[in-house]
Amino acid sequence: MTVRTIRLELARGPEFPEGSSARGYEFKAPLTADGSLDQDAWSKVRGDCTFRRFWDGAAEETGHLVHRRGNRWLFHYDGLTHEEDEEDEAIFKFDRHHFVEGEYVSITEHDGEQHTFRVVSVR
C-alpha cells in the first residue's frame, strides 16, 4: 500500500477565471487502483494522511485527512479541540471521487463557501 500525494488547485470561477495555482491543498492518502480513497488502507496509515492548505496572502495551515461516520471525509486542522470541529473542512462526495489529474473536487472552506479544485498531480 502506497500513500500518494495529491495536489489540488483552485479551479476557474468568477473570482479567478483562470483558476489559481497559489490557492489549494496538498494531501497524502492511500488510493485504490482507480484513484479512489482506500478507507481500509487509510485506517492503517491515518497518521501519515496529512494535508496542508496554501492560500495566497494567508498563513499555511496543516492537519490530517479524517474519516467520519456516514462515509464523510474532511480535513481536520491541527490544534483544534473537539468543540472546534466545525472549523474542519468538509469535502463533498470525497468517497466517490477518483483522484486522477484533471478531475474536480469541491471543498467547503472555513467561511462556509464551497470552492471547486482541480486535481493537478498525483505522485
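**Ground rules.** I number residues from 1 along each chain as its sequence is written, and my side-chain values use heavy atoms, without hydrogens or water. In this predicted model, local features need pLDDT of at least 70 and side-chain atom pairs pLDDT 80 or more, while totals for chains, interfaces and linings use all residues.

**Fold.** I looked up the elements as DSSP runs (helices H or I, at least four residues; strands E, at least two), numbered from the N terminus. I found 1 helix and 8 strands. Their order is β-β-α-β-β-β-β-β-β.

**Burial.** I called a residue buried under 20% relative accessible area, exposed over 50% and partly exposed in between (1.4 Å probe, protein chains only). Of 123 residues, 43% are buried.

**Core.** I took a nonpolar core as buried Ala, Val, Leu, Ile, Met, Phe, Trp, Tyr and Cys residues joined through side-chain atoms within 4.5 Å. The largest has 25 residues, and Phe 27, Leu 65 and Phe 94 touch the most other members. Helix H1 (39–45) is among the elements giving it two or more residues. I then checked Phe 94: its contacts (heavy atoms within 4.5 Å) include Trp 73, Phe 75 and Val 105.

**Salt bridges.** I counted 7, each a side-chain nitrogen of Lys or Arg within 4 Å of a carboxyl oxygen of Asp or Glu. Glu 9 meets Arg 7 at 2.8 Å. Glu 9 is buried at 13%, and Arg 7 is buried at 17%. Arg 52 pairs with Glu 60 at 2.8 Å. Here Arg 52 is partly exposed at 24%, and Glu 60 is partly exposed at 49%. One network links Arg 7, Glu 9, Glu 26, Arg 52, Glu 60 and Arg 123.

Technical notes:
Lists of a residue's contacts leave out its neighbours within four places in sequence.
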